[in-house]
Structures are given as C-alpha cells and as structure tokens.
Amino acid sequence: MSSRKEQYGKPSNMLPLVSVIIPAFNSARYLADAVESVFAQTYSEVECIVIDDGSTDHTNELLKELLKVHPGLKTARKTNGGPSSARNMGLRESTGDFISFLDADDALIPDKIERQVAFLNAHPDVGIVYGDCLIATETLRPVEMYTAEMPRELEPIDALSYRNWFGVMAPLVRRTVTDRVGEFDEEIVGAEDWDYWIRCAKVARISYLTGLVSLYRQHPGELHHDYFRFRRAYIQVAKKQFGDDPGRLRGTMAAIQWTHAKYLWSRHDRTAAALAVVKFAVMGGFGFHVRYIAGKLDKYVKSQLKPL
C-alpha cells in the first residue's frame, strides 16, 4: 500500500483524511455496494481500505475490477483470521485522522462522513460520534429505521454496560482515540464491536448526532443469525470489561439474561423462558437493574425501531 503522502500529497483544501476500513470474507455478492457507498461520499478526503480476509469466493477478482473504476481503492489480502483481525490490519494500514468501519455487506449514507467530520471539528472534546441506521433487505431496500441514541439519563459507559447500541458502521472515531484504545480483541467473535465501544467510552467522550448514517443489510448469511454464539460473546465481553466492578457486572449479566428470556419466549419454550426470568431477577439483585431493564430500558429499546 502507498502511504498517504505518496497517494494524496498534502490535501489542497486541508480537510482531514478519513479512513474507511472494510473487512471482507467471501463477500463478493455485496462488497461492491459497500465500496461504492464510500466513493459516493459527499466528503472528498476519504481513503477506502478493503482487507480480503482469505476469501475463497471471487472477492479478489471483484477487487481487481473495482480498482479499475476506483484507482484510489487500497486493498490487502491476508490469511483468514476473522473480522477483528481484518479490521486490525486495516487500522495498521490506514493513514486517516478519523476512522470509520464498514462491514462488506452494509453501506454508508452519502453524507455520513461529511456530517460526522463537521460535528467532530465543531466539538474537539468529543472522540466518537455516531448516528442512526436503516434496516434493509438483501437488495438494500430500506424497511425500518433504527434510532441509535443511547438513553440520555445514562452516561455512555453505563448505557453500554447494558447492551450495544449501534453497529460498527455507525460511528466516526478520532485517530487519537483508536491509537489510545488499540486494536480489536481477536479472541472475541460476535461482540467485538461492543467490546471496542466500551473500551472507547472509558477513555473518550461519545456523542450522538441525529440522522441516518448507514444501511444495515439483512440476508441469510449474516453472522447475527447464530444467536447462541452471540450470547456467548456477550457474556465474554461482560466478564472481561466489568469483572472488576461487581455492581456493573450484575447489571450487564442481568440484561443479557433478560434478552435470553425474551428469545426463549419467542421460540415458545415457555418453561425455559420462565427459568431465565428467575435467573434475570437473581442476577439483577431483585432491585434497580431488574426494574430498569425490564421496564424503562425495554420500552426505550422497542421505541428505537420504526417501520418505514
């Protein structure tokens, strides 16, 4: 890969450079949409980096075709190591002042970067800004809008202790924050972005900017269909991040258990769901966490998703 100096020189308009990092594994079916959404940004100073994570489909051939259309596209290939490994390679290869992550099957709204850069430039005390998302079909037809704002009465670290509030493509992150936080944890598969945002919240201010920033594509091959793998990953993150804070860990584990109870209920396993509710109450200490998660927080989460 060429360096920023070799690729761009000094930007004539002095706009900060934004690096968009896309990990890709067997993503040839959707990758072009992701890449095109980066090059369609209304913000001019963007470098798009695609890391081919050892794909066995025709992702590599697709990237060669995309390079003909977008010579500024930066690509690299590695042995398969998972999305965190690919994002970490992208971080090491990136040269931007700001970082945006994008999965290969999703897409950015055209003014995502422009609006978020303007916000961070206007708020130098903020390290991360995030926005809302459209839930789309496999053909990227929007069907629902997800408002990603965390509850205003909670500090970001407290809100993030209950759940992950936004997708990996929603934020724009200052390079100074990623340098301080470090790389994604490659031992976590399925909740690595939640782990990363918690780490960011411990060292930087996170702000919400209303407005759409991304399209989340739903399709049969997406990783989120494996509920139990994600549940294990969430428990792994909870213990890692809050193991030294019993009170916060209790709330986090209670929230995970409440989600599990609702999942079991949706699968018509009433007995298991009832047992999960009991465990939820025990984990929550029969107190504030139980009332907050099952009451106010649950209603708030339901209100975030609206059909179009």
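Okay, quick definition before anything else: I call a residue buried under 20% relative accessible area, exposed over 50%, and partly exposed in between, using a 1.4 Å probe and protein chains only.

Housekeeping next. This is a predicted model, where local features need pLDDT of at least 70 and side-chain atom pairs count only at pLDDT 80 or more, while totals for chains, interfaces and linings use all residues. Residues are numbered from 1 along each chain as its sequence is written, and side-chain values use heavy atoms, with hydrogens and water left out.

So, strand S1, residues 18-24. Here 7 of the 7 residues are buried, so S1 is largely enclosed by the rest of the structure. Val 18, Val 20, Ile 22 and Ala 24 point one way, and Ser 19, Ile 21 and Pro 23 point the other way.

Who are the neighbours? Two strands pair if DSSP finds at least two bridges between them. S1 runs parallel to S2, residues 46-52, with 7 bridges, and Ile 22 sits opposite Val 50 there. S1 also pairs with S4, residues 98-101, in the parallel sense over 4 bridges; Ser 19 has Ile 99 as its bridge partner in S4.

Most residues other than glycine have a negative phi. Asn 26 has a positive phi of about 50°, and it is partly exposed at 33% relative accessible area. His 268 is another one, with a positive phi of about 65°. His 268 lies in the loop between H10 (246-266) and H11 (270-283), and counts as exposed at 62%.

Now a side-chain pair. Lys 74, in strand S3 (residues 74-77), is buried, at 4% relative accessible area. The Lys 74 side chain makes a polar contact of 2.8 Å with the side chain of Glu 47. By polar contact I mean N or O atoms within 3.5 Å, where within protein one must be able to donate a hydrogen and the other to accept it, and residues adjacent in sequence count only if both atoms are side-chain atoms.

Note on methods:
Helices (H or I, at least four residues) and strands (E, at least two) are DSSP runs, numbered from the N terminus.
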